[in-house]
Amino acid sequence: MSETKYTAEHEWITADGNVLTVGITDYAADKLGEIVFAELPAVGSSVETGKVVAEVESTKSVGEVFAPVDGTVTEANDAVVDNPELISDSAEGEGWLFKLEVADASVLDGEGFLTLDAYKTLIGE
Amino acid sequence: MTDNATTPPKFSPLHQVHVDAGASFTDFAGWQMPVRYSSELEEHHAVRNAAGLFDLSHMAEIIVTGPESAAFLDYALCGKISTVAIGQAKYSLLLNEEGGIIDDVIVYRTHEHRYGVVANAGNRFAAAGALASRAAEFDTTVVDESDPLALIAVQGPNSQAILEALPGLDLPQPVGELRYYWSELGTYDDGEILVARTGYTGEDGFELYILSRSAEKLWHELMRVGADHGLVPAGLACRDTLRLEAGMPLYGNELSPQIFPAQAGLGRVVSLKKESDFVGRAASEAGAPADARVLVALVSEGRRAGRSGYAVFAGAEDGDAEVGAVTSGALSPTLGYPIAMAYVDPQFSEVGTELFIDVRGKRIAATVTALPFYKRKA
């Protein structure tokens, strides 16, 4: 497993080979309030960088999840569809959203992907 | 609404209490108010099943005094206030000349010639200003007392037991004898307190108007005696889902200066039987245009809720007509399915009508139902 990376859209990403695991950050989950609904991309679907691929909703608001890179969805976390509160309880753990197979995971070392420290600076922590 | 980048936020006299309790805050009409303490769902369920404690100190309290106060309020508001008894409360509306809604208010008659008008925080100056200008021809005085007053609400089925357990609350009659939409003046912490059996949650409950200096003491004492009754601090997030389930309109969502009361289902609040004139009377008598949209309640299946601003369509196909827009919506914590309020063209407002809400590109079926979505057992 590589170092976890973050985006300005409050997503986290880890890479295992060329398979990325994507979720929303604890910070984003806290700002949304308790998650009561999650819609995830279909397994096998292709996703395009920057496009909305998943949605999480609290009673008060909607959070859109963007594809961090181009890729193919290999897995969606059915546990969060059945129990959306998993995202509130463990956004950066059991509350992961989906896995993406990508051409080259080294894109995470490029621009737009933040280290934990850089992400903390972004959210003012 | 002013730009808050240049306006410093306002803080409740209970702000530090909320910080200490670990609350998350949100901007509400320029105020930093608790949106939730831990879980808005747990807070919601606590109010339905036990009790919740709300800080509503951002609300505006406007005091009206003088021998012609009743006649003045009959003129300034659309309801008949002069028949409200001492101790009684009444929901009313402040209309503009065009018959639209400047604000919705609760009027408490506390004395022969003294009334408290409680307005929304975001409309504080609009409401106080309209009242003051309408008072010109009357022997009455309008004073905005919002700053020195705090408002704490205890809401939920255990509210009465909690108030009965509160030490140091001196009231002329026991709270148990207070009827819904009645209030009484008493003493707490060597100061005046108004205890009112009113609220915005659809549950039994009380609203406590008190001097800001006593707010912390009252909050802590209520939390202490409420511990045995399941009382939890409750934020604005659950207040919104509670009022939505109870079918209560929210200013800015369901009510605005462009909306006639009749469109919002509040026609009964406008007293056209009142003999005297009131601001907005002529427009109210003429009524809203026949094709004006009306407020409806919508229920859907699944878990995906329509939200404020989402378009409502007559059918599921691209070519089907857009017939309205959602004003409030959420996955109902109590009912477990999505609920929404929306303004729709009148021919689509009948209970049972099948409509569709455009939820970010997907049309979700929604059925018109009767308000409220949730009603407590008597």
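Q: Is Leu355(B) buried or exposed, and how do I tell?
A: The general idea is to count neighbours: a residue is buried if 20 or more other C-beta atoms lie within 10 Å of its own, exposed if 12 or fewer, and partly exposed in between, with C-beta atoms placed from the backbone. Leu355(B) has 26 C-beta neighbours inside 10 Å, so it counts as buried. Bear in mind that this is a predicted model, where local features need pLDDT of at least 70, side-chain atom pairs count only at pLDDT 80 or more, and totals for chains, interfaces and linings use all residues. Residues are numbered from 1 along each chain as its sequence is written, while chains are lettered from A and ligands numbered from 1 in the order in which they are written.

Q: Where in chain B is Leu355(B) found?
A: Helices (H or I, at least four residues) and strands (E, at least two) are DSSP runs, numbered from the N terminus. Leu355(B) sits in strand 19, residues 354-359.

Q: Which residues is Leu355(B) in contact with?
A: Two residues are in contact if their C-beta atoms, placed from the backbone, lie within 7 Å. Skipping neighbours within four places in sequence, the contacts of Leu355(B) include Leu298(B), Phe313(B), Val344(B) and Ala366(B). Take Ala366(B): it's eleven residues along the chain from Leu355(B), yet their C-alpha atoms are separated by 5.1 Å.

Q: What does helix 6 of chain B look like, and which of its residues are buried?
A: The expected span of a helix is 1.5 Å times one less than its number of residues. Helix 6 of chain B (residues 215-226) has twelve residues and reaches 16 Å from first C-alpha to last, close to the 16 Å expected. Its buried residues are Ala215(B), Leu218(B), Trp219(B), Leu222(B) and Gly226(B). For the arc, you take the directions from the helix axis to the C-beta atoms. Down the axis of helix 6 of chain B, the buried residues fall within an arc of 100°, so they line one face of the helix.

Q: How many helices and strands does chain B have in total?
A: Chain B has eight helices and 20 strands. Of its 378 residues, 48% count as buried.
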